[in-house]
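Q: Please walk me through how to read a few features of this model, with the general idea before each case.

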Amino acid sequence: MKNTFRASMALVHTTLGLVTGWVLFAIALSGALSVFRQDINLWARPELPVTASDPMMVNAHALDWLSHNAPTASAWYVTSATALQPFATALWPDAKGNYIQRVLDPITGSPDGIRDTLGGEFFYRFHFELHLPYPLGRLIATLAALTLVVGLMTGVIIHRRIFADFFTFRPSRGQRSWLDMHNLLGVAALPFHLMISFTGAVTLGTLLLPWSTQALYRNDLTASYTELNPALYSRPATGHPAHLAPFLPMLREAESKFGGAGLEQIYVFNPSDQASLVTMIAGNDHTVSTSSQIITFDGPSGRVIKQHIEHRPVLKAYTFLYGLHVARFAPGLTRWLYFLSGLALAALIGSGMHLWTIKRLRRPHHRGHRIVARLNVGVLAGTPLAFASFFIANRLIGPMTPHRSGYEVTTLFAVWGLTLLYALARRPERTWPELLGGSAVACLVVSLLSLPWHTSVLAGVSVTAALLSASFAFAAFRTLQTTAFPA
């Protein structure tokens with residue numbers, strides 16, 4: 001550590017940024033896209049209608065289809081249709097225990113004719129799982145969120161002129177301009193950066209601090225889950241077959257009891273057994289906090305068995321922080337502010353990583369510095385190109401191709417890997433404009449693939465992609481005019 005407190009904090013700030021910067025950049029960029037995951041879900045499935053007249057009818061159609069096509073499954077997990085996402089998504093285990101996930105048509109309740117794609121759910125899951133096995137991906141994302149909190153706080157400490165930095169930007173000054181932009185991006189959206197990083201760490205905090213739960217419940221996770229969700233009643237199957245009661249009356253009753261909060265999830269356990277249960281979890285329409293009400297029905301009779309409205313202060317505080325992070329409550333303007341702030345966070349992280357290499361390459365340096373400089377280009381300019389390739393693959397792969405969702409994800413990671421190899425093989429002053437230009441072309445292709453504008457979703461994705469394409473094109477042009485340091 002250094003002799004002074006500010007110098008020590010500067011060392012912490014730089015070290016944490018270097019260790020986690022690339023992961024945080026990908027998390028921030030995918031998080032920005034996750035703000036519009038419902039819109040991306042619709043864009044990725046142009047065969048689906050954009051609006052639905054009654055979400056409860058959509059849910060009833062989905063449950064009816066499951067009762068005829070997956071009656072022996074041990075459980076159904078259905079994500080409810082909403083105003084933003086007017087279709088239901090179902091998850092259920094097959095006979096071998098493998099889980100099947102399908103988007104269901106809002107009219108027929110069937111998955112037939114709907115392309116197999118993860119859509120916006122891929123970016124949402126990648127944001128906190130990094131497409132890695134549980135719990136490794138989530139643990140890495142949580143540690144990265146914590147380092148971001150510390151990095152932001154140390155950044156505030158080491159900048160004496162933090163408020164003046166908000167009004168300072170000197171273009172065409174090389175390293176000075178990069179530092180100005182880094183400071184400006186950090187100060188302009190500092191409340192958002194602190195909120196999103198802190199709430200992100202809190203939502204997965206039990207991965208970092210599991211010992212209190214283990215000490216209290218002696219590793220009986222079922223007991224802890226029951227106390228957290230008292231209305232998630234469970235009982236073993238009897239082995240005696242029975243039919244489920246009509247779904248629509250149960251859906252309407254839950255809707256009325258939830259008092260306008262909407263419906264988020266529907267769980268049906270042992271659907272063909274006398275002990276079947278139907279659990280409905282409230283949404284968070286018009287509230288920041290996530291679901292705070294749960295109702296469980298007896299499957300064969302349709303009567304309410306348990307109902308719980310959350311009033312415990314600690315859990316209400318947690319659901320509020322989680323709701324702030326995922327922004328399901330947000331109206332259109334607020335979602336755009338989340339999206340732009342997420343892009344600003346990605347740019348903040350990227351500019352910090354680039355500043356680190358600029359400083360090292362200005363003075364005597366070794367091979368490690370040159371490798372980091374080249375990988376920086378591959379990550380910072382290659383990640384947007386890889387993410388755009390996911391959208392392009394969605395349109396170019398045949399709609400009814402088997403396992404096409406896996407091909408979309410493979411395309412993204414293949415392009416990402418190729419950009420990293422390409423960046424390692426070439427000098428940064430050449431790779432920067434080439435990969436930024438590639439991102440500009442890829443975003444332009446996404447915009448063109450959204451034509452014609454039959455819906456507002458297609459128009460929104462197309463215009464956003466076109467604006468991003470123009471931004472990347474401008475960045476590529478600017479890098480051609482600057483002299484990079486040899487690497």
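Q: Where does His369 lie?
A: Helices (H or I, at least four residues) and strands (E, at least two) are DSSP runs, numbered from the N terminus. His369 lies in helix H15, which covers residues 367-380. This is a predicted model, where local features need pLDDT of at least 70, side-chain atom pairs count only at pLDDT 80 or more, and totals for chains, interfaces and linings use all residues. Residues are numbered from 1 along each chain as its sequence is written, and side-chain values use heavy atoms, with hydrogens and water left out.

Q: Is His369 buried or exposed?
A: Buried means under 20% relative accessible area, exposed over 50%, and partly exposed in between (1.4 Å probe, protein chains only). With a relative accessible area of 15%, His369 is buried. Other buried residues in H15 include Val372, Ala373 and Leu380.

Q: Which residues is His369 in contact with, leaving aside neighbours within four places in sequence?
A: Contact means heavy atoms within 4.5 Å. On that basis His369 is in contact with Trp356, Arg360 and Leu361, once neighbours within four places in sequence are left aside.

Q: What span does H15 reach?
A: The expected span of a helix is 1.5 Å times one less than its number of residues. H15 has 14 residues and reaches 20 Å from its first C-alpha to its last, close to the 20 Å expected.

Q: How many residues of H8 are buried?
A: Ten of the 14 residues of H8 are buried, so the helix is mostly covered. Among them are Phe192, Met195 and Ile196.

Q: At what angle do the axes of H5 and H8 cross?
A: Axes are lines fitted to C-alpha atoms, for helices over the stretch in contact, and angles run from 0 to 180 degrees between N-to-C directions. The axes of H5 (residues 136-158) and H8 (residues 190-203) come within 8 Å and cross at roughly 150 degrees. That makes the two helices roughly antiparallel (angles under 35 degrees count as roughly parallel, over 145 as roughly antiparallel, 65 to 115 as roughly perpendicular and the rest as oblique).

Q: Which residues of H5 meet H8?
A: Thr142, Ala145, Leu146, Leu148, Val149, Leu152, Met153 and Val156 in H5 meet a set in H8 that includes His193, Leu194 and Phe198.

Q: Where does Tyr233 lie, and what does it touch?
A: Tyr233 lies in the loop between helix H11 (221-228) and helix H12 (247-257). Its relative accessibility is 27%, so Tyr233 counts as partly exposed. Not counting residues up to four places away in sequence, Tyr233 touches Leu277, Thr296, Ile305 and Lys306.
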